[in-house]
Amino acid sequence: GEDPSEERKTKRTIPTLAEFTRDRYMPFVKGYKRSWDSDDSYLRNHILPKFGACHLDEIKQQAVIELHHGMRASGKAPATANRIVILLRYMYNLGKKWSIPGSESNPTIGVQLFETNNARERYLSTEETQRLVQVLQDSENTQLKYIVPMLLLLGCRKRELLDSKWQDFDLERRSWRIPMTKSGKSRHVPLSESVLNLLSQLPRWDGCPFVVPNPKTQLPYVSFFTAWDSARQKAGMPELRIHDLRHSAASFLINSNHSLYVVQKLLGHTQIKTT
């Protein structure tokens, strides 16, 4: 009751992983994912050299496990090796969603990820926050005394603030529209009285649309690590990272009896479990 000619025809339509990557996956992620270049790097350097010539139905679970464990054995970090499995899993899920022949069976199912155990939790206390803000007043970077408090008050990502423009701040309605976030969607952040006060103190330059630009170039900072490193050392917190300010903002909100849902929306998390 089977049709051999139909089976052969279907077989011929199954793309190789390289073809699927080139024709469907990369064009798709370039349209919505800001970190698509990271996917491109993992594919070119690790996945395609191993599986690029294989048709989608030819890649088996054991081969994925061998690549996964081989990367760890070669000295790659657990998170880096895991990223290969996660990326392949996502690609096959998309292939199945798009009804791409050969993607019905996902070879990453059942592949156990490595334990990373590298997450660090660091939250500022009220006393530490005051100490840090005080040190920032004497920083050689005159914008840092505005950048750090705003990161603490807004809970935004560093790049979101550095790239922000005045046109996205509605001071009358006390709202900041972040046009493009990590999730690929815009979101609105309410502005407190403290943030409005900081914004009123910010220096401005004619023709410069950015909120906290580098005074020398009047463009967003590429990095301000040297000044930040000096400030955190003087404050006695050499281990403090810029991203810890976002964690601290979330902690302050929770401790002020704001709901997890409110914090999720303010921080721009797509999933409540991340919050």
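Q: Why are helices α6 and α7 called roughly antiparallel to each other in this predicted model?
A: Helix α6 (residues 126-136) and helix α7 (residues 144-154) pack at an angle of about 155°. Angles over 145 degrees count as roughly antiparallel, and α6 and α7 are therefore described in that way. Their axes lie 8 Å apart, and α6 passes α7 in a left-handed crossing.

Q: How do you know that α6 and α7 meet, and which residues are involved?
A: Contact means heavy atoms within 4.5 Å. By that criterion, Thr129, Leu132 and Leu136 in α6 meet Leu144, Lys145, Val148, Pro149 and Leu152 in α7. By class, this contact of α6 with α7 has six nonpolar, one polar and one charged residues.

Q: Why is α3 called roughly perpendicular to α5?
A: The angle at which helix α3 (residues 36-51) and helix α5 (residues 78-97) pack is about 85°, and their axes are 11 Å apart. Because angles of 65 to 115 degrees count as roughly perpendicular, α3 is roughly perpendicular to α5.

Q: What makes up the contact of α3 with α5?
A: From α3 come Asp39, Tyr42, Leu43, His46, Ile47 and Phe51, which meet Thr80, Arg83, Ile84, Leu87, Leu88 and Met91 in α5. Eight residues of this contact are nonpolar, two are polar and two are charged.

Q: What makes the pair α2 and α3 roughly antiparallel?
A: Helix α2 (residues 17-30) and α3 pack at an angle of about 170°, with their axes 12 Å apart. The cut-off for roughly antiparallel is an angle over 145 degrees, so α2 and α3 are roughly antiparallel to each other.

Q: Which residues of α2 and α3 meet?
A: Leu17, Ala18, Thr21, Tyr25, Met26, Val29 and Lys30 in α2 meet Trp36, Asp39, Asp40, Leu43, Ile47, Leu48 and Phe51 in α3. This contact of α2 with α3 divides into 10 nonpolar, one polar and three charged residues.

Q: How do you know which residues line the second largest pocket, and which lie nearest its centre?
A: A lining residue has an atom within 4 Å of a point of the pocket. The lining comprises 18 residues, of which Leu152, Leu153, Leu154, Ser192 and Leu253 lie nearest the centre. The space in this second largest pocket is about 350 Å³.

Q: Which elements supply the lining of the second largest pocket, and how is it divided by class?
A: At least two residues each come from α6, α7, β3 (187-190), α11 (242-255) and α12 (260-267). Helix α7 gives the most, with four residues. The lining has 14 nonpolar, four polar and no charged residues.

Methods: Residues are numbered from 1 along each chain as its sequence is written. This is a predicted model: local features need pLDDT of at least 70, side-chain atom pairs count only at pLDDT 80 or more; totals for chains, interfaces and linings use all residues. Side-chain values use heavy atoms; hydrogens and water are left out. Axes are lines fitted to C-alpha atoms, for helices over the stretch in contact, and angles run from 0 to 180 degrees between N-to-C directions. Angles under 35 degrees count as roughly parallel, over 145 as roughly antiparallel, 65 to 115 as roughly perpendicular and the rest as oblique. Ala, Val, Leu, Ile, Met, Phe, Trp, Tyr, Cys and Pro count as nonpolar, Asp, Glu, Lys and Arg as charged, and the others, Gly among them, as polar. A crossing is left-handed if the near helix is turned anticlockwise from the far one by less than a right angle, and right-handed if clockwise. On a 1 Å grid over the protein atoms alone, a cavity is a set of points where a 1.4 Å probe fits but cannot get out, and a pocket is an open set with protein on both sides within 12 Å along at least five of seven lines; lining residues have an atom within 4 Å of a point. Grid points are joined across faces, edges and corners, and a volume is the space filled by probe spheres set on the points.
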